[in-house]
Amino acid sequence: MAMQPFRFVRPRTLAEAKTLRAENDEASFLSGGHTLLPTIKQGLARPPILIDVTCIHGMSGISASESAVTICAATRHADVAASEIVQAKIPVLAGLAGSIGDRHVRNRGTIGGSLANNDPAADYPAAALGLGAMIVTDRREINADDYFTGLFETALEPDEIVTRIVFPIPDVAAYAKFRHPASRYSIAGVFIARTDGAVRVAVTGAGGQGVFRAQAFEQALTNDFRAEALDGLSIDPDTLLEDLIATKEYRAHLIHVMSRSAMGHPGTVQTYK
Ligand SMILES: Cc1cc2nc3c(=O)[nH]c(=O)nc-3n(C[C@H](O)[C@H](O)[C@H](O)COP(=O)(O)OP(=O)(O)OC[C@H]3O[C@@H](n4cnc5c(N)ncnc54)[C@H](O)[C@@H]3O)c2cc1C
């Protein structure tokens, strides 16, 4: 199918991007294009204007304070994976970025695009929810707990621009992902973080409503931060996704296995095919 013609604009400031968006309600923001362009090619979206956000001043780069790592929205997965700051402060986040897709995807895809898209099998949503990140936009700060609202749904307004993500630095964190052998998206991925004694467990790839927190697992690990504390616990399969790749019951099983794997390999990303 032929792509519909569209206008391409590349603003240098946030103000300019907002003005362009205000002029046309159908315009779409474009970052790495690794979700939006295939969608346009398939005729599933027909934005008349694409507003490229990657060259806006201040939209790329990584910095850190004593308690947090800040990643600007247009920072590519490859740059997060290679960042010495991220590797030193939150090594599992660098590993997670390095586990996304393949080299081509990592060299174009961005953290802001991934979080704005909120694919139920994407990796960054698990890190953002697991670490209790703050998603900062052109107009407000949104706590990760309030940000992910459903499959491909977020708290963002249609004209809202994600500008950066602030990740609190955990005491320890790990991610384990059972991935689709072709796309490398998660069939079930579990991100576990302990920060100031509180444990958060975020699951991607498996939830019927997208990424979610496994509260029973969090409670057990807050009381006893060992893999054995998860013995006998399970996720209700009725709340999970089922598709051609995996049944609900299989995903429930995988969540448990991935959780134990994450607990067994602190600071790392474990990937299983
Ligand atoms: C073959 C393949 C394999 C992949 N494998 C994985 C994987 O294993 N794990 C994984 O997590 N992901 C995977 N992805 C997805 C990849 O990570 C994409 O980068 C991501 O989905 C979208 O990021 P993007 O920068 O390309 O966004 P785009 O495609 O440019 O945009 C996506 C959506 O976000 C909006 N948007 C973009 N930036 C902003 C912003 N700053 N503010 C507000 N809205 C914005 C756009 O309007 C659009 O609706 C894969 C993609 C492909 C093509």
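Leaving aside neighbours within four places in sequence, Leu 93 is in contact with Val 80, Val 86, Ala 127 and Phe 167, where two residues are in contact if their C-beta atoms, placed from the backbone, lie within 7 Å. This is a predicted model, in which local features need pLDDT of at least 70 and side-chain atom pairs count only at pLDDT 80 or more, while totals for chains, interfaces and linings use all residues. Residues are numbered from 1 along each chain as its sequence is written.

- A residue is buried if 20 or more other C-beta atoms lie within 10 Å of its own, exposed if 12 or fewer, and partly exposed in between, with C-beta atoms placed from the backbone.
- Six of the eight residues of helix α5 (residues 91-98) are buried, so this helix is largely enclosed by the rest of the structure.
- The buried residues of α5 are Val 92, Leu 93, Ala 94, Gly 95, Leu 96 and Ala 97, and their cover includes α3 (77-82), α4 (84-89), α8 (124-131), β10 (162-168), β11 (172-179) and β15 (269-272).

**Whole chain**
- The protein chain holds eleven helices and 15 strands, where helices (H or I, at least four residues) and strands (E, at least two) are DSSP runs, numbered from the N terminus.
- Of the 273 residues of the protein chain, 43% count as buried.

**Domains**
- Domain 1 (7-52), domain 2 (62-168) and domain 3 (172-272) make up the domain assignment of the protein chain, whose bounds come from an automatic or database domain assignment.

**Ligand**
- The ligand is surrounded by 30 residues, and the closest are Gly 32, His 34, Gly 101, Gly 109 and Gly 113; a residue is near a molecule if its C-beta atom, placed from the backbone, lies within 6 Å of it.
- α7 (111-117) and β2 (28-30) each supply at least two residues of this shell, and the largest share, five residues, comes from α7.
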